[in-house]
Each structure stands twice: as structure tokens, then as C-alpha cells.
Amino acid sequence: MRGLGDHLSIGERIAFYRKRRGYTQEVLAGLVGRSTDWLAKIETGRRKPPRIDMLAELSRILRVPLGDLLGQTVLMEDERQQDDVPAVRDALMSPRRLSRLLFGPDAETQLPTPAPAAVRVEQTWNDYQGGRLGSVIAALPALLQTAQELEERAGRRGEDRGDCWAVSARTHHLAATTLAKIGEWV
């Protein structure tokens with residue numbers, strides 16, 4: 001729940017994740033065997049947060065770590081204690097495409113070619129398939145930047161346009177799949 005801050009109550013977090021999953025209060029309350037009124041009061045703070053066993057059940061149904069409901073977000077880290085999930089988010093939201101004027105007419109010579117990028121993307125997919133999510137998260141920011149540069153290249157050149165778009169699509173698919181796997185995007 002990055003970006004929402006630590007100022008949210010447990011009830012507000014439950015409401016956030018409930019809406020994110022597309023559940024109504026009635027549906028979620030039914031799934032945990034409680035009334036809609038009970039859940040509404042929890043979400044609005046008119047009732048104390050539920051016991052830890054009920055929070056664990058809510059986190060299971062909402063498919064989020066219990067720590068997220070409690071406000072103790074656990075970030076995906078690799079063995080070097082680095083958190084690269086925000087870097088993936090930043091790469092996806094990059095303002096790089098604002099204007100070709102920012103990069104000038106010489107930018108085309110700096111743009112990558114699709115073949116080496118495709119190899120890196122497939123190697124990273126292999127890491128994903130092997131369960132090495134820390135390596136995937138670490139590689140994604142650079143891969144996403146390359147994918148955006150390939151999109152720029154596709155817009156300027158005709159001969160390898162299809163290859164550029166294919167590598168970009170494969171990269172963005174990897175990013176979406178990885179973020180969904182770790183519970184950051186669903």
C-alpha cells in the first residue's frame with residue numbers, strides 16, 4: 001500500500017484492499033462470517049479493529065500480507081537488503097516520453113536495438129520462472145527503461161518496429177506479472 005502513508009487506520013486499510021479486490025462490504029463480511037454492519041463500523045473506526053485471528057482471515061481473503069493490514073508494509077528485498085520495487089514503479093511511470101524535443105535529433109543513435117534487449121528480457125523471465133524474484137525486481141527498472149527507448153525507436157524507424165514493440169510488450173508483461181506475484185499490483 002505504498003503511497004497511502006502510515007496515517008491510515010486498520011479499518012481504512014481493510015476498506016482500501018476490499019475496494020481494490022472489487023468486493024462490496026456485504027461480500028467481504030459474508031466471506032468472514034460477519035455482518036455488513038460489523039464491517040462498516042470497523043472500516044469507519046466506529047468499532048475497535050478485529051482480533052488478530054480475524055485480521056489474519058481478512059488478509060487471506062483480501063490476498064495481502066497481514067503486515068499490510070496492520071500498517072507494517074514489508075517490502076520485497078533481495079539478499080543485499082535492497083528494495084527495488086519503488087524503482088520498478090518509477091520506471092513504469094517515467095516521464096521519458098514527454099517530448100522528442102527534450103532529447104534532440106541525435107537521440108536515435110543512442111536508442112537500443114531489440115535483439116540484445118530481448119535476450120536480457122528472456123534471461124529475466126528465466127529468473128522469474130526459477131523463483132528468483134529479487135533478481136527480477138532488481139533487473140526490471142533498467143529493462144523498463146530499455147523498453148521505453150525501444151518504443152521510441154519503433155516510432156522513428158520502420159525496419160525493426162515489430163521487434164521493438166514485441167520486446168517492450170514482453171518486458172511490461174514481466175513487470176505486471178512480477179508485481180502481481182509479490183502483491184503490489186493486482
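Trainee: How many salt bridges does a search of the whole structure find?

Mentor: A search of the whole structure finds seven salt bridges, where a salt bridge is a side-chain nitrogen of Lys or Arg within 4 Å of a carboxyl oxygen of Asp or Glu. The general idea is that side chains of opposite charge can pair when their charged atoms come close. This is a predicted model, in which local features need pLDDT of at least 70 and side-chain atom pairs count only at pLDDT 80 or more, while totals for chains, interfaces and linings use all residues. Residues are numbered from 1 along each chain as its sequence is written, and side-chain values use heavy atoms, with hydrogens and water left out.

Trainee: Which residue forms a salt bridge with glutamate 43?

Mentor: Arginine 18 is the partner of glutamate 43, and the closest N and O atoms of this salt bridge are 2.7 Å apart. Because glutamate 43 lies in helix α3 and arginine 18 in helix α1 (residues 10–21), the pair ties together parts that are 25 residues apart in sequence. Helices here are DSSP runs of H or I with at least four residues, numbered from the N terminus, and helix α3 covers residues 36–44.

Trainee: Are glutamate 43 and arginine 18 buried or exposed?

Mentor: Both residues are buried, a word that means under 20% relative accessible area, whereas exposed means over 50% and partly exposed lies in between (1.4 Å probe, protein chains only). For glutamate 43 the relative accessible area is 7%.

Trainee: With which glutamine side chain does the side chain of glutamate 43 make a polar contact?

Mentor: The side chain of glutamine 25 makes that polar contact, at 2.7 Å. A polar contact is a pair of N or O atoms within 3.5 Å; within protein, one must be able to donate a hydrogen and the other to accept it, and residues adjacent in sequence count only if both atoms are side-chain atoms.

Trainee: What are the closest N and O distances in the salt bridges of arginine 132 with aspartate 127 and of aspartate 160 with arginine 153?

Mentor: In the salt bridge between arginine 132 and aspartate 127, the closest N and O atoms are 3.1 Å apart; arginine 132 is partly exposed at 41% relative accessible area, and aspartate 127 is also partly exposed, at 21%. The side chains of aspartate 160 and arginine 153 meet at 2.8 Å, N to O, with aspartate 160 buried at 10% relative accessibility and arginine 153 buried at 7%.

Technical notes
Helices (H or I, at least four residues) and strands (E, at least two) are DSSP runs, numbered from the N terminus.
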